[in-house]
Amino acid sequence: MNAALETLNSPLPLEAYLVVAAVMFAVGAWGAIIRRNAVVMFMCVEIMINAVNLTLVAFSDFLPAANGVGANYAVIVVAIAAAEVAVGLAIVLAVFRTRRTVNVDEVNSMKG
């Protein structure tokens, strides 16, 4: 029983975090490539950004000389991603109000 609890409480290796981040990035890239809905494309880009953040935090935790720098970069990336989403969704909303669609294939010029 104690061995099972110790196994559950043991930290995951760095490779586990990197595999999860790689899968998240691949899913986000795949979704951004195949989907035509601008909102879904934003969500896929956010998945890719969070995969990068997971990698930064994992390396920050596992590398003793990093001194938490990766986590600091992850916070900066989250702030930049929030600004990107705010601007991007404002553009999508403006396009939707004028054209009644968020399909990126149907929006081929910036003229209203």
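This is a predicted model: local features need pLDDT of at least 70, side-chain atom pairs count only at pLDDT 80 or more; totals for chains, interfaces and linings use all residues.
Local features need pLDDT of at least 70 and side-chain atom pairs pLDDT 80 or more, while totals for chains, interfaces and linings use all residues. Residues are numbered from 1 along each chain as its sequence is written, and side-chain values use heavy atoms, with hydrogens and water left out.

Trainee: What makes up the secondary structure of the protein?
Mentor: The protein has 4 helices and 0 strands, where helices are DSSP runs of H or I with at least four residues and strands are E runs of at least two, numbered from the N terminus.

Trainee: Why is the protein called more spread out than a compact globule?
Mentor: The globule rule is 2.2 Å times the number of residues to the power 0.38, and the radius of gyration is taken over C-alpha atoms. For 112 residues the rule gives 13 Å; the radius of gyration is 19 Å, well over that, so the protein is more spread out than a compact globule. Along its principal axes the C-alpha trace spans about 65 × 30 × 20 Å.

Trainee: Why is the pair of Y17 and F62 called tilted?
Mentor: Rings of Phe, Tyr and Trp (its six-membered ring) pair if their centres lie within 6.5 Å; planes under 30 degrees apart are stacked, over 60 edge-to-face, the rest tilted. Y17 and F62 are 5.9 Å centre to centre with 55° between the planes, so the pair falls in the tilted class.

Trainee: What does the pair tie together?
Mentor: Y17 lies in helix α2 (residues 14-34) and F62 in helix α3 (residues 38-62), so the pair ties together parts 45 residues apart in sequence.

Trainee: Why is Y17 called partly exposed?
Mentor: Buried means under 20% relative accessible area, exposed over 50%, and partly exposed in between (1.4 Å probe, protein chains only). Y17 has 29%, so Y17 is partly exposed.
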